[in-house]
Amino acid sequence: MVKYARYFQEQVLRKRPEITVAMVERAIMSPVRRIQQPDGRWPLWAHVPEVDKFIRVVLLDDGTTVLNAFFDRNYKENEHEV
């Protein structure tokens, strides 16, 4: 079950209306890359075909709570693996 941090609900969705909850949930279900940072957070990347961009979704250290999401202009799929 996906949970959403207050920051995501109040700031990210308001400041980035081009990003939808559906995009975020699809990214969590089918990332092309997922790593754990030293602080315990989980950034993951997924391709969003309707806009032909890669989205980065950052999960808290519990691995299920969405903290942030944004389109990552610098991500190149063939440079990384899951």
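## Reading the model

Analyst: Let's begin with A22, which lies in helix α2. Helices (H or I, at least four residues) and strands (E, at least two) are DSSP runs, numbered from the N terminus. This is a predicted model, in which local features need pLDDT of at least 70 and side-chain atom pairs count only at pLDDT 80 or more, while totals for chains, interfaces and linings use all residues. Residues are numbered from 1 along each chain as its sequence is written, and side-chain values use heavy atoms, leaving out hydrogens and water.

User: Is A22 buried, exposed or partly exposed, and why?

Analyst: The classes come from relative accessible area: buried means under 20%, exposed over 50%, and partly exposed in between (1.4 Å probe, protein chains only). A22 counts as partly exposed because its relative accessibility is 43%. As for spacing, A22 and R41 are 19 residues apart along the chain, and their C-alpha atoms are separated by 21 Å.

User: How many helices and strands are there in the protein, and which pattern do they follow along the sequence?

Analyst: The protein has 2 helices and 5 strands, and their order along the sequence is β-α-α-β-β-β-β.

User: What is the radius of gyration, and how does a compact globule compare?

Analyst: The radius is taken over C-alpha atoms, and the globule rule is 2.2 Å times the number of residues to the power 0.38. For 82 residues the rule gives a value near 12 Å, and the protein has 12 Å, so the two agree. Along the principal axes, the C-alpha atoms fill a box of roughly 35 × 30 × 20 Å.

User: What share of the residues is buried, and which residues of the largest nonpolar core touch the most other members?

Analyst: In soluble globular proteins, nonpolar side chains tend to be buried together. Here, 37% of the 82 residues count as buried. A nonpolar core is a set of buried Ala, Val, Leu, Ile, Met, Phe, Trp, Tyr and Cys residues joined through side-chain atoms within 4.5 Å. The largest one has 16 residues, and V24, I28, I55, V57, V66 and A69 touch the most other members. At least two residues each come from α1 (6-15), α2 (21-29), β3 (42-48), β4 (53-59) and β5. The largest share, 4 residues, is supplied by α2.

User: Which residues is V57 in contact with?

Analyst: Contact means heavy atoms within 4.5 Å. Beyond its neighbours within four places in sequence, V57 is in contact with several residues, including V24, I28, V66 and A69.

User: Where do F70 and D72 lie?

Analyst: F70 lies in strand β5, while D72 is in the segment after β5 (65-71). F70 counts as partly exposed because its relative accessibility is 22%; D72 is buried, since its relative accessible area is 9%. Leaving aside residues up to four places away, D72 touches W45, F54 and R56. With neighbours within four places set aside, F70 is in contact with R16, I19, F54, I55 and R56. F70 and R56 are 14 residues apart in sequence and 5.5 Å apart in space, C-alpha to C-alpha.

User: What is the phi of D52?

Analyst: Most residues other than glycine have a negative phi, and most peptide bonds are trans. D52 has a phi near 50°, a positive value in a residue other than glycine. D52 sits in the loop between β3 and β4, and counts as exposed because its relative accessible area is 60%.
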